[in-house]
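Thanks for coming. I have one structure to go through this morning, and I will keep to what can be read from the coordinates.

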Amino acid sequence: MNKKTKLRIALASATLVVAAATGTALASGGSSSGSDSGSERPSTAQNKQGGQDKQQTPAVVEADGANLFPHSLDFDAPSKSFYVGSLKHGTVSTVGTDGKVRTFIDDPQIVSAQAVNIDRERSRVLVSNVDYGTADRSRKDAPFKVAGVGSYDLATGKQNWCVDLTALTLDGKQHLISDVTVAPDGTAYAVDELTPTVFRIDPEGNASVFLRDDLLQGTLDIPDFLDDVGMAAVEYVAGDQLIIAMADGSLVRVPVQHPEDAQKVRLSTPLASPTAGMRLLADGSITAVSSGLLTGKPARIQHVTPADGWKTATVTVTDTVTDPVTSDVTEGPGGTTYALSGGLADLLAGKPNDGFTLTPVRTG
C-alpha cells in the first residue's frame, strides 16, 4: 500500500474517531465553542458580587479563519495578537482576542506553515515549512518531501531568509519539521518528526545538522498514515539545553554544548501520547498538550516540573480540552495559557471548516 492510499485511509479513520468522541462537532464543520475545555469556562464579562469585582475569566477565542487549519501558534504580548500558521494555505495570520484573522505572511516558498515562533528580541517570526500533501501548494504525489524554516520581519512580514533543510540531508527520506525554538544568542533549533535529526540555524539563515541520534528515532505508528513518528516539539531551557518532546510521550534532554550527551528525562509518568506541543513557563517548567487524535478522548494539558537540571521531571495532568485534535499551547494575555484546536481532522479528511478555537487552560 503506497503512502497516498494510506493517507486517504487515515483521514477517514481520524474523522470517524473524532466524530464519535465529539458528536456533531465535526459534522457541523468546526470545533464546538464555549465548551471546548473539559472544565467549565464561565462568561468572560466581569460580574459584581457583594460589591466586589470578580476576576475576569479568560475568553475562549472563536477565530473566523475558515479553512486555515493551524497546527501551531505563538503569542505576541505587545500587540496582544496570536500568530498562527496555515497547513492549508501556507500563510501565517494574526488573530486578535476578538477572533478576527488577518493574513500577515504569504510566502510562495512556504507549502504548509506548521511551527510558528515569535523572536521579539530580533523582531522576527520563524516558520517551519512542511508538506502533508493536503495544501494548496502541495505536491500531492510526494508528501513529506519539504523541510525548511523561514524567517520573517515581525513588523512587515517580509522574508529575511528561507532555508531548505533537505539540502543538508539529501537522503530521499520523508521529513516533517514539527517545531522550532530559539536560544538567547539567536540560534534556532528545528526538529524533524520523521528522522532523528535536529538542525541548527544561525540568525543569518546558515543551517547545519546539529544532532542525529538514534535516541531521537520515532517509535509511534499512526495506523494507515505514518510510521516511526518521533520529535513533536522542542523548547530551549535554562542550563543551555534543549528539551525535546517525543510523540510517544517521552522527553529527551540535549545539552547544547555537548549534544552527544543527549539522554532521556526520567519522568514520574510518561506524557500522554501523541504529544503535540509545549510551552515554557516563567518558572522554567513546561506545559505540554497531548492530542487525542488516535483515541477520540479529550486532549490532555500536562505540567512538567523539572529537577536535577532536567535529568528528572514530574508530570501532572492539569486540564483537558474536549476537542481531541488539540495540537499546541501558548502564552495568552495576562499570563494565561491557550490551547489550539485547529481542525486537523477535517483537513486530513478533505473537509472544509469555518474557523478554529483557542481555549484558555489551566497549567497548574
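One definition before the tour: a residue counts as buried under 20% relative accessible area, as exposed over 50%, and as partly exposed in between. Keep in mind that this is a predicted model.

Take Lys 80, where that cut-off is needed. Its relative accessibility is 58%, so Lys 80 counts as exposed. Lys 80 sits in the loop between S4 and strand S5, residues 81-85. It is not a glycine, yet its phi is positive, at about 50°.

Phe 69 belongs to the loop between strand S3, residues 61-63, and S4. Is Phe 69 buried or exposed? Phe 69 has a relative accessible area of 3%, so it is buried.

Now the overall picture. The protein has 29 strands and three helices. Of its 364 residues, 57% are buried. Among contacts with a separation of 6 or more, 52% are between residues 24 or more positions apart. The accessible surface is about 14,800 Å², and carbon and sulfur atoms hold 48% of that.

The loop between S22 and S23 contains Pro 274. The peptide bond from Ser 273 to Pro 274 is cis, with omega near 0°.

Staying in that part of the chain, look at Leu 251, in strand S20, residues 251-255. Leu 251 has 1% relative accessibility, so it counts as buried. What does Leu 251 touch, leaving out residues up to four places away in sequence? The list includes Ile 243, Ile 244, Val 265, Leu 267, Leu 271, Met 278, Val 304 and Trp 310. Gln 263 and Lys 264 are also among them. Thr 275 is 24 residues from Leu 251 along the chain, and their C-alpha atoms are separated by 9.8 Å.

Another strand pair is S12 with strand S13, residues 188-192. They pair in the antiparallel sense over five bridges. Asp 179 stands opposite Val 191 in S13. The hairpin of S12 and S13 has five residues between the strands, and in it Gly 186 takes a positive phi near 95°. S12 is mostly covered, with six of its six residues buried.

That leaves the empty space. Rolling a probe the size of a water molecule over the atoms shows where empty space is left.

The largest pocket has a volume of about 700 Å³. Its lining has 34 residues, and those nearest the centre are Asp 74, Asn 117, Ile 118, Glu 235 and Leu 280. Elements that give two or more residues to this lining are strands S4 (73-76), S8 (112-119), S12 (177-182), S18 (231-237) and S27 (326-331), along with S23. By residue type, the pocket lining divides into 16 nonpolar, eight polar and 10 charged.

How many cavities of 30 Å³ or more does a search of the whole structure find? It finds three. The largest cavity has a volume of about 320 Å³. It is lined by 23 residues, with His 71, Glu 193, Ile 222, Leu 293 and Leu 344 lying nearest its centre. At least two lining residues each come from strand S16 (220-222), strand S17 (226-229), S23 and helix H3 (344-348). The cavity lining divides into 16 nonpolar, six polar and one charged.

Conventions
Residues numbered from 1 in each chain as written. Predicted model: local features only at pLDDT ≥ 70, side-chain atom pairs only at ≥ 80, totals over all residues. Heavy atoms only, no water. Helix = DSSP H or I, 4+ residues; strand = E, 2+ residues; numbered from the N terminus. Buried < 20%, exposed > 50% of the residue type's maximum accessible area, 1.4 Å probe, protein only. Contact = heavy atoms within 4.5 Å. Areas by Shrake-Rupley, 256 points an atom, 1.4 Å probe, with all protein chains shown as cover. 1 Å grid on protein atoms, 1.4 Å probe; cavity = no way out; pocket = protein on both sides within 12 Å on 5 of 7 lines; lining within 4 Å. Points joined across faces, edges and corners; volume = space filled by probe spheres on them. Nonpolar A, V, L, I, M, F, W, Y, C, P; charged D, E, K, R; others polar. Pairing = 2+ DSSP bridges.
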